[in-house]
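Subject: The structure you asked about

Hi,

Here is the structure, as promised. Have a look at it first, and then read on for what turned up.

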Amino acid sequence: MTITGLPAPTPGLVPLSAVETIPHLELTDAPRVAIMGLHGGAGASTVAGLLGEGTLDTSCRWPQYVGWERPLPDIPVVVVTRTHHRGIEAADKFARAWAAGSLAPSRLVGLVVIDDGPRLLQDQQRAVRRLAQLTPSAWHLPWQDTWRIEPPTPQTFSTRLRRTLAAIEASISPSNGATK
């Protein structure tokens, strides 16, 4: 269910000159988890809804705590993308920025990749595997026909979706040993 990749940013791996700027969102209250869409229509609102209370959808902006609390609170961030060309490009751009260390001080938990259709092409499958290796963790949510006509509810979650959500929750938890 969970694919692991780079555990932390690796300055020097990607030259900063090759990194595009990612917009930031300044927060004075730290959410339990922030969900960042990497492009419009990525599915961030859906993932935020699936993860429930204490989850903040930051749109397409990286959250950054600017309040007075010290030490700085840990803001775990889950980024979301689709498997179409725009989503893969946005995830690649984001992964380069994160790997270069340009997205501090919040903590990237991982990447959720959501299918853009009922069946992925081989090139899409390869791109998803490559992207999964560029972030600390990655999760794949397959196409859900029912979500086209009704919102997801816990009663309609598949076993796979329940396991994926549990894996994301486990990665968000500060007890998982992750540090900033």
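Predicted model: local features only at pLDDT ≥ 70, side-chain atom pairs only at ≥ 80, totals over all residues.

Which residues of H4 are buried? They are Leu 161, Thr 164, Leu 165, Ala 167, Ile 168, Ser 171 and Ile 172. These residues sit on the same side of H4, because the arc they cover around the axis is only 155°.

Now for the aromatics. The count comes to one aromatic pair, made by Trp 62 and Phe 94. The ring centres are 5.8 Å apart and the planes are at 40° to each other, which makes the pair tilted. Trp 62 belongs to strand E5 (residues 62-65) and Phe 94 to helix H2 (residues 85-99), so the pair ties together parts that are 32 residues apart in sequence. Are the two partners buried or exposed? Trp 62 counts as buried because its relative accessibility is 0%, and Phe 94 is buried too, at a relative accessible area of 1%.

Stepping back to the whole chain: the protein has four helices and eight strands. Starting at the N terminus, the order of elements is β-β-β-α-β-β-β-α-β-α-β-α. The radius of gyration is 16 Å, close to the 16 Å that the globule rule gives for 180 residues, so the protein is as compact as a globular protein of that length. Its C-alpha trace spans about 45 × 35 × 30 Å along the principal axes.

A few totals to finish. Of the 180 residues, 43% count as buried. Among contacts with a separation of 6 or more, 80% are between residues 24 or more positions apart. The protein exposes about 9,400 Å², and carbon and sulfur atoms supply 54% of that area.

Cheers

Methods: Residues numbered from 1 in each chain as written. Heavy atoms only, no water. Buried < 20%, exposed > 50% of the residue type's maximum accessible area, 1.4 Å probe, protein only. Helix = DSSP H or I, 4+ residues; strand = E, 2+ residues; numbered from the N terminus. Arc of directions from axis to C-beta. Phe/Tyr/Trp six-rings, centres within 6.5 Å; stacked < 30°, edge-to-face > 60°. Rg over C-alpha atoms; globule rule 2.2 N^0.38 Å. Contact = heavy atoms within 4.5 Å. Areas by Shrake-Rupley, 256 points an atom, 1.4 Å probe, with all protein chains shown as cover.
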